[in-house]
Amino acid sequence: MNKNITVISGDGVGPEVTNETLKVLGAIALKFNHHFNYTQCLMGGIAIEKTGDPLPHETIDSCLKSDAVLLGAIGLPKYDNDPSLKVRPEQGLLRLRKGLQLFANIRPVTTYKSLHHLSPLKAKNLADVDFVIYRELTGGIYFGKKELNEEGTEASDLCIYNKDEISRITHLAFKAAQKRKKRLTLVDKANVLETSRLWRKNVQEISTTYPDVKVDYMFVDNASMQIIVNPKQFDVILTENMFGDILSDEASVLSGSLGLLPSSSIGEVNALFEPIHGSYPQAAGKDIANPVGSILSGALMMEHFGLHEEAKMIRDAVDWTLSNGFVTQDIDPVNSYFTSTIGELVSNYISNDIPQNSNISNMALGQTTII
Ligand code: IPM
Ligand code: MN
């Protein structure tokens, strides 16, 4: 298979984690005889520094022409700490989502038995947790009209949704539920917000065309509690842009580290894959960031291309590293491995089919640098 992929490494640890995913995709391409052609592009803080624009037109043009986009992370502290700045790295990401019409952000939340001890939740609450968040990504308060009065004393952000925006992601979420445990929870604030009532009305209507899926409705304040007290009740969570942003970070603590979770953002035509973590600037250049969220985003990309065996191989390789203690500092501060070591081990597993009973510690010593 021949695919064109735009790579946006971005800021902070973005380039480091993305590099590991490219190693892994290289191993997949070799093993399965695919050709992935990469175009590197700028976005975020680095793009502002080099071009003055967080999303240069070359980047969006390349993404529009590609079969998929692999994104690292964007954002730098100097922009976070100065609310008066007019040009910000995040604007690049938001314009890219809108420009590519990536209306559905899909964030799977899984837990690994070998990492249960890392979660602040009790292990008994983590068994069988396996759900996915369908977050609407190109509407709502993120994209509604923003205003600040002349005196700079009053501001507003409009939360706006229309029927079509709600319907297209709702259908995707129902189809996903049909292939999973056949449950869908709409998370909203329909007791207060008009937009939420529009979501509820439309989801209720659409639900009649998916009679095999059991639907329930939950207010976002309750949902934020239920994700912690009883996460295994969820299968597919469908929600609007900002609620999905907040709940998906919350849900990441179930897996033990924000660094583990991948995401895909899908439109009718384009698709983008990125870890859910941010740019983690404190770790930049140290080779310590967790590349698993990015590598698993590579697996989601393979699935998007219909390459299921390849996706499974990446997941198996990641499972193998995690369950054998090959992990970064966020997971084990005492016995930790470099970002690049994890990428190499995952790639080696794919290229050589490392058997379970091989002498793991010798192998790692021989092939990589160990802290
Ligand atoms: C995310 C991020 C972005 C968002 C930021 C960087 C604009 O937090 O992808 O979840 O809020 O959508
Ligand atoms: Mn977020």
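Seven is the number to start from: the structure, a predicted model, holds 7 aromatic pairs. Rings of Phe, Tyr and Trp (its six-membered ring) pair if their centres lie within 6.5 Å, with planes under 30 degrees apart counted as stacked, over 60 as edge-to-face and the rest as tilted. One of these pairs is Phe 36 with Phe 305, a tilted case with 6.5 Å between centres and 35° between planes. Phe 36 belongs to strand 2 (residues 35-40), while Phe 305 sits in the loop between helix 11 (292-304) and helix 12 (308-323), 269 residues apart. Helices (H or I, at least four residues) and strands (E, at least two) are DSSP runs, numbered from the N terminus. Phe 36 and Phe 305 are both buried, meaning under 20% relative accessible area with a 1.4 Å probe, protein chains only.

Elsewhere, Trp 320, Phe 326, Tyr 337 and Tyr 349 make up one aromatic cluster. Two rings also carry a charge over the face (NZ of Lys or CZ of Arg within 6 Å of the ring centre and within 35 degrees of the ring normal):

| Charged residue | Ring | Distance to ring centre |
|---|---|---|
| Lys 98 | Phe 143 | 4.8 Å |
| Arg 135 | Tyr 142 | 5.3 Å |

Now to the sheet: 10 strands form an open, mixed sheet in the order 2-1-3-12-11-4-5-10-8-9. Strand 2 and strand 9 (214-219) are its edges, each pairing on one side only; pairing takes at least two DSSP bridges.

A note on conventions: residues count from 1 along each chain as its sequence is written, and chains are lettered from A and ligands numbered from 1 in the order written. Local features need pLDDT of at least 70, side-chain atom pairs count only at pLDDT 80 or more, totals for chains, interfaces and linings use all residues, and side-chain values use heavy atoms, leaving out hydrogens and water.

Methods:
Buried < 20%, exposed > 50% of the residue type's maximum accessible area, 1.4 Å probe, protein only.
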